Amino acid sequence: MEISNTASFTLFYTDIEASTQIAKSLGQDYAVILDKHNEIIGNGIKQFDGRIIDRTGDGFFIIFGNPVSALKAAAKIQMEFQDISWSFSVDLKVRIALHMGQIYPVGNLYTGLEIHRASRICSVCHGGQILVSGQLKAKLEEELPEHLSLKALGNYRLRDFDDPVELHQLVVKGLLSEFGEPN
């Protein structure tokens, strides 16, 4: 996947909910959990042709050229996290946010306001939930696979943004689908 000077991609953010508390309770054993987490995310991204752009602690910033591939990757990843049996007493839940936007290369990294917006969407997401922006939903209208649907959640104001963003929850057959309002 080549990135020119300006390109529009599906932006995919992940984060472990309550990771600091989990790390504090597990101590050195948190490394085992994090390693398995990274493996699940890495395999899901690779299978659907995503590209990891950046990692920070327990979070990933990934891009996809195809928005349907991003949705499929998110569904697969959440299904694996739901089905895993940890050897530790831990309730690991991953938040996933998907958004569409332009990014701009800066050396080996990328920038753009939509990257910040995608990150903020992830921050209001609940563990186990997949949030999709209205901007991305508009690109998906007729392409959703049968086992996936979008549930409208309304408009939400994100930290540091003036205009609210329309949010939808990706509903995946077999995954938890009831969450509170975005945080």
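## Two loop residues with positive phi

Asp 49 lies in the loop between α2 (30–47) and β2, where helices (H or I, at least four residues) and strands (E, at least two) are DSSP runs, numbered from the N terminus. Although Asp 49 is not a glycine, its phi is positive, at about 60°. Asp 49 is exposed, with a relative accessible area of 59%; here buried means under 20% relative accessible area, exposed over 50%, and partly exposed in between, with a 1.4 Å probe and protein chains only.

Asp 160, in the loop between β7 and β8, is likewise a residue other than glycine with a positive phi, in this case near 75°. The relative accessibility of Asp 160 is 62%, so this residue counts as exposed.

## Reading a predicted model

This is a predicted model, in which local features need a pLDDT of at least 70 and side-chain atom pairs count only at pLDDT 80 or more, while totals for chains, interfaces and linings use all residues. Residues are numbered from 1 along each chain as its sequence is written, and side-chain values use heavy atoms, with hydrogens and water left out.

The predictor's confidence in each residue, from 0 to 100, is called pLDDT. For the protein chain the mean pLDDT is 92, and 96% of its residues reach 70 or more. Confidence is lowest in β5, with a mean of 86, and highest in β6, at 98. Where pLDDT is low, the predicted coordinates should not be read in detail.

## Strand β8 and its partners

Strand β8, which covers residues 165–172, is mostly covered, with six of its eight residues buried. Two strands pair if DSSP finds at least two bridges between them. On that basis strand β7 (residues 148–156) is joined to β8 by eight bridges, and the two run antiparallel; one example is Ser 149, whose bridge partner in β8 is Val 171.

Strand β6 (residues 130–133) also pairs with β8 in the antiparallel sense, over three bridges, and Val 132 stands opposite His 168 in β8.

Rolling a probe the size of a water molecule over the atoms shows where empty space is left. On a 1 Å grid over the protein atoms alone, a cavity is a set of points where a 1.4 Å probe fits but cannot get out, and a pocket is an open set with protein on both sides within 12 Å along at least five of seven lines; lining residues have an atom within 4 Å of a point. Grid points are joined across faces, edges and corners, and a volume is the space filled by probe spheres set on the points.

A search of the whole structure finds one cavity of 30 Å³ or more, and the largest cavity holds about 50 Å³ of space. Its lining includes Gly 128, Ile 130, Val 171 and Phe 179, and β8 gives the most to this lining, with four residues. The lining of the largest cavity divides into seven nonpolar, three polar and no charged residues, where Ala, Val, Leu, Ile, Met, Phe, Trp, Tyr, Cys and Pro count as nonpolar, Asp, Glu, Lys and Arg as charged, and the others, Gly among them, as polar.

The largest pocket has a volume of about 320 Å³ and is lined by 19 residues, of which Tyr 13, Asp 54, Thr 56, Phe 61 and Ser 119 lie nearest its centre. Among the elements that give two or more residues to this lining are β1 (7–16), β3 (59–64) and α4 (113–123), and α4 gives the most, with five residues. By class, the lining of the largest pocket has eight nonpolar, seven polar and four charged residues.

The second largest pocket has a volume of about 220 Å³, and 15 residues line it, with Phe 81, Gln 82, Leu 92, Lys 93 and Gly 128 nearest its centre. Helix α3 (residues 67–83) supplies the largest share of this lining, three residues, and the lining as a whole divides into nine nonpolar, four polar and two charged residues.

## Cysteines without a disulfide

The structure holds zero disulfides, a disulfide being a pair of cysteine sulfur atoms within 2.5 Å. The sulfur of Cys 122 is 6.0 Å from the closest cysteine sulfur, that of Cys 125, which is too far for a bond. Cys 122 counts as buried, at 3% relative accessibility, and Cys 125 also counts as buried, at 0%.
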